[in-house]
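Please look over the structure below before reading the briefing that follows it. The notes are grouped by topic.

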Amino acid sequence: MNFLSEISKNFPDIIIKAYHRVDTGWMNQIIIVNDNLVFRFPRTNSAVKKLAIELNLLSILKQPPVKLPAYKFIHMEYPFFAGYKIIKGDTVENAKSLGRNVLNDFTALLNYMRTFKSNSLKDTLLPLYNANSWIKYEKSLISSFQAALEEYTGTEYFNEIFCLLDTAMSDLIDSDISLIHGDLSRGNVILNRKHSRINGIIDWSDASYGDRALDIAAIIDGFSLKYLPCILQNFTSDFSRRSLKRILFYLLVSPLYRAYFLQKTGNKDNAETLCKEILSNRNSTKLKEKIRLGIID
């Protein structure tokens, strides 16, 4: 498909002077036009559905505490694609630390998302979970990882992961479920140039009505656990206590997403290498113990 031709043909007011591709996305081909517009072209039928749901969701998220993609260019017919004005800034993966204002912005976003009840989200076609169905979803996800990666990790590794999943999810209740972003990976959180505030959150295609602890884990993934109490102090002591094991579990299995992506996209050697790193990682061993004990230190 000639992406530039599709953009020009369907949105003739856009004069393309420069562009580049971002090939890191699994679900979408990303085209940046004039360093000002982001266009997303779904790679699969599943990605088409996810982008359509994202557009539905973003249409009802009014006055959020941080910027969200405001899609202005939507082509509903084949090929389905959509574009928005780029949210300027630097991704959090380039930050050395998480400042107080960044954590406050993130907490404000979590509290904002919690105001949306499941009934208000039905028309978006967003996946809606309760505590029981979320646990089933997580078990299904880990089973998918196991089927793809067990040849590298061995059976015992995933047997342990499933046991830890049961431990982590034992305290999950329905009130822990809310609207979540679902993929606050370090490329989806845009900071200002000083890395002192969150400018915006992009790529809502994995959003759902799910476990808030997943988003909390994602924002500190790759950073020190010292930031976790700074976030949890903004919630009730009951939620903070019960969510801790789940946050640690999501951090533990986070590398499996990358290994699974590599395996499914044909990068088997890299997937195998990553799995070996996962097995030998001392931090993983520490996280497992923290999950069992339900403590940070």
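In which sense, left-handed or right-handed, does α7 pass α9? The crossing of α7 and α9 is right-handed, where right-handed means that the near helix is turned clockwise from the far one, and left-handed that the near helix is turned anticlockwise by less than a right angle. This is a predicted model, in which local features need pLDDT of at least 70 and side-chain atom pairs count only at pLDDT 80 or more, while totals for chains, interfaces and linings use all residues. Residues are numbered from 1 along each chain as its sequence is written, and side-chain values use heavy atoms, with hydrogens and water left out. Helices (H or I, at least four residues) and strands (E, at least two) are DSSP runs, numbered from the N terminus.

**Helix α7 with helix α9**

- Helix α7 (residues 212-220) and helix α9 (residues 237-264) pack at an angle of about 55 degrees with their axes 8 Å apart, the axes being lines fitted to C-alpha atoms over the stretch in contact and the angles running from 0 to 180 degrees between N-to-C directions.
- That angle makes α7 oblique to α9, since angles under 35 degrees count as roughly parallel, over 145 as roughly antiparallel, 65 to 115 as roughly perpendicular and the rest as oblique.
- The contact (heavy atoms within 4.5 Å) involves residues of α7 including Leu214 and Ile216, and residues of α9 including Phe239 and Tyr250.

**Helix α5 with helix α10**

- Helix α5 (residues 131-153) and helix α10 (residues 268-280) pack at an angle of about 70 degrees, and their axes are 9 Å apart.
- The angle therefore makes α5 roughly perpendicular to α10, and the crossing of these two helices is right-handed.
- On the α5 side Leu149, Tyr152 and Thr153 take part, and they meet Lys268, Ala271, Glu272, Cys275 and Leu279 in α10.

**The open sheet**

- Three strands, in the order β6-β8-β9, form an open sheet with antiparallel pairing, where two strands pair if DSSP finds at least two bridges between them.
- Because β6 (90-91) and β9 (198-201) stand at the edges with a single partner strand each, one side of each is left without a neighbour in the sheet.
- Strand β8 (residues 189-191) pairs with β6 over 2 bridges, and Asp90 stands opposite Leu191 in β8.

**Pro69**

- Pro69 lies in the loop between α2 (45-58) and β4 (71-75).
- Pro69 counts as buried because its relative accessibility is 6%, buried meaning under 20% relative accessible area, exposed over 50% and partly exposed in between (1.4 Å probe, protein chains only).
- Leaving aside neighbours within four places in sequence, Pro69 is in contact with residues including Leu58, Tyr84 and Trp204.
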